[in-house]
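Please have a look at the model first.

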Amino acid sequence: MTKQLLQPLINHQLAGVDVASVSKSVVNRLVFSVGKDDITATTRDWFHATAFMTRDRLIERWMETMRSYYAADAKRVYYLSMEFLMGRTLMNSLLNLGFEKECSEALQQQGVDLRQVREMEFDAALGNGGLGRLAACFLDSMATLNLPGFGYGIRYEYGMFAQRIEGGRQVEHPDNLLRYGNPWEFPRAEVLYHVKFGGRVVQFSDEDGVQRHHWVDTDDVMAMAYDSPIPGFATPTVNNMRLWAAKASRDFELKYFNEGNYIKAVQDKNESENLSKVLYPEDSTTMGRELRLKQQYFFVCASLQDILYRFSRFHEGFDELPDKIAIQLNDTHPAIAIPELMRILVDLNHLDWDKAWNITTRTFAYTNHTLMSEALETWPVAMFEQLLPRHLQIIYEINQRFLTEVMHSFPGDNEMRRRMSIIGEEQGKRVRMAHLAIVGSHKVNGVAQIHTELMKQTIFADFDRYYPGKIINLTYGITPRRWLNQANPLLAALITSRIGDGWLKNLDQLRALIPLAEDAQFRQEVAAVKRANKQDLAAKAKRYLGMDIDADSLFDVQIKRIHEYKRQLLNLLHVVTLYKRICDDPQIDTVPRTVIFGGKAAPGYAMAKLIIKLINDVADIVNNDVRVHGRLKLVFVPNYGVSVAESIIPAADLSEQISTAGTEASGTGNMKLALNGALTIGTLDGANVEIRSEVGADNIFIFGLTTDEAARLRASGYRPADYYLANDELRQVIDMIARGYFSPEEPERFRPIVDSLLNNGDHYLLLADYASYLACQKEVEAAYGDQQQWLRKVILNVASMGKFSSDRTILQYAEQVWQAKPVTR
């Protein structure tokens, strides 16, 4: 490495972050980058100018960070994820760099309000939910902890769809993230890699008699890099997220163009570039499934080429690869990286198999996100053979060698070998990607203590037996910079006024708030913050939804992807129960409650979409029934995403975390809501178990069957109809839905929902947990009625969230999995 390479390109002082410097930079960017002056500039123009100004300050730190990594020859962590749910970048960058107030004042001098400017930024919805948001939190924490961490993914042109509610139903609309450009990204036209598909494999023997493989006659696509800086908090470190866009290997066929067949001339280009068009294409068709598999290989192939190019600039051979590179697979989507690295090492660089496999397994680690066997990703062997023929051969070779080792360790146990095989044969031959990821990684982690234990006891019990110590727990975390400091500035300022701002980088310092739970003045200040946040959310509900909601009511919140296992339907059964009680006894004394739902259903998930329709139909009846008289309100907030969450979470009183025990891997919404002072009602599922341990059993509301009890109930022959017949309220509520009370114009509309509960097994045990859930909700009402006791619980929840920082998770990864160390300067 030459000294010249390490010399800084920028010798002047970093761009200033004082008001005068920021004001000058913004105006310059408005004129010279946006091409407007203050007379013609729109609010969006001011956003772009402010973003460019902020980016300038990121770039200087970014370049210095990259140079410091080269100078230290540091081990780098590469986080491969199909999703990065980043949210908006402007406020996050301003707060992390520490000049949000200066920027606000500089814009005020120009007659511009930063609050309006920040609303112009699109949510970067390059993800579906928790998995993508976790990836974003991890990038923030790696930068904050000065770890050389890089994110790799896909630059989708259209992210998670924009959800609109039309006639009570979810309607998906394209979410064009790039409509107004992305001021944070840098196109790298020179960083371009070939990605191959299809073709055939030629086998031959080289001059030494070693069998070689050559992948030929392929259809090629180009992957072009787009870089975005990721700043840490209160540190000069700025890391990189590199996303890949698909480009055609050539723009058009001149032959067809000259013949006048203009559509055919650009057909190949369009088909190639479809690879990075849409996040998660509809996979109910063969074409959709092929596109998803191609997306996975596309970004993995480009990322590995890029990683190895960077490594090879300063290292000879591959012996040091696991000492200089750690690759984390975020779920199974990038697991194809394992055979791809083997292909590169064995086919292209002629390493022998055993050496290549040793390097590969020491380089990769895998995070599992699900316990549900039906959610574990598999691909038909026939599809693999068509799209990635050489990779299928490599997977077969990996599997054969692995199963031979299993046979030697457990001779005669053919059933164990069948269960552990990377190739499953239950529904035709399929590649089990989770098995591939486990076999090809040196560490596998679950994301909550109960999730990890269940991994070892159920779906991956054989692997835990064969690889003792490989499966470890690393409980999820969230970044407090976005989910408290940015999302809830009032509460963040109150906390800092009492204990200082050290909690922003060490969330355990929140424990200093515990004694303040007994401070009446502090309790009142917390109450004032919560009420101000609720009033803000109520104002937004009026502005955007035309709904009046009572800021003094209990805000009961369930915001997450709509899925049967998350049991939004159980919550709704409680809403209908409350409604019926009010109708039966208009004088009933009940705590006023606003129940808030938010979340998207997968476009092809009919039952989840029907649940959204039911929520909205129930809302239409409940919210307009004069007998209710403001005591119950039901709200479905459309187009749930990061920015919507930042508005709802600070206002929440009650956090619904009610998945069937044994189904949720961890959840992070539970952490975000508790950190912002919402009390949890939930089952002993996912991270709820650890939250209870941290906050204390008296400060959380737990109900329902445990994982073991649920398993025993199913094993004994669960009969949901027995619960229906035995509980009058439950029967009456289900009958109201079944008979069209909430859909009089179409009484049979919700028959599929009722059938799923009564006739099709109630797979997620809603009826079994209904009575316990209602009893727990009565406890919530009683607790909320004593506001001083409630506020004590709120403060203790906030104070006990230190464990759930993503900084803690990343430090554990660095020590237990990656063996990576921070680089400071």
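Strand β10 gives the largest share of the lining of the largest cavity, 5 residues. Helices (H or I, at least four residues) and strands (E, at least two) are DSSP runs, numbered from the N terminus. This is a predicted model, in which local features need pLDDT of at least 70 and side-chain atom pairs count only at pLDDT 80 or more, while totals for chains, interfaces and linings use all residues. Residues are numbered from 1 along each chain as its sequence is written, and side-chain values use heavy atoms, with hydrogens and water left out.

**The largest cavity**

- A cavity here is a set of points, on a 1 Å grid over the protein atoms alone, where a 1.4 Å probe fits but cannot get out; lining residues have an atom within 4 Å of a point.
- Grid points are joined across faces, edges and corners, and a volume is the space filled by probe spheres set on the points.
- The count comes to 6 cavities of 30 Å³ or more, and the largest has a volume of about 540 Å³.
- Its lining is made of 38 residues, and Met86, Thr89, Ala124, Asn182 and Trp184 lie nearest the centre.
- Two or more lining residues come from each of α3 (43-72), α4 (90-97), β3 (124-126), α7 (130-144), β10 (219-231) and β11 (238-248).
- By class, the lining has 20 nonpolar, 9 polar and 9 charged residues (Ala, Val, Leu, Ile, Met, Phe, Trp, Tyr, Cys and Pro count as nonpolar, Asp, Glu, Lys and Arg as charged, and the others, Gly among them, as polar).

**The second largest cavity**

- The second largest cavity has a volume of about 120 Å³.
- It is lined by 14 residues, with Ala74, Arg76, Arg310, Phe311 and His315 closest to its centre.
- The elements giving two or more residues to this lining are α3, β1 (76-80) and α11 (286-312), and α11 gives the largest share, 3 residues.
- This lining divides into 9 nonpolar, 1 polar and 4 charged residues.

**The six-stranded sheet**

- An open sheet of 6 strands runs in the order β21-β20-β19-β22-β23-β24, with parallel pairing (two strands pair if DSSP finds at least two bridges between them).
- At the edges are β21 (632-637) and β24 (701-702), each pairing on one side only.
- Strands β22 (residues 654-657) and β23 (residues 679-682) run parallel and are joined by 4 bridges; leucine 654 stands opposite leucine 679 in β23.
- Helix α25 (residues 606-622) packs on the sheet and touches β20 (593-598) and β21, where contact means heavy atoms within 4.5 Å.
- The direction of α25 makes about 145° with that of β21 (axes are lines fitted to C-alpha atoms, for helices over the stretch in contact, and angles run from 0 to 180 degrees between N-to-C directions).

Conventions: 1 Å grid on protein atoms, 1.4 Å probe; cavity = no way out; pocket = protein on both sides within 12 Å on 5 of 7 lines; lining within 4 Å.
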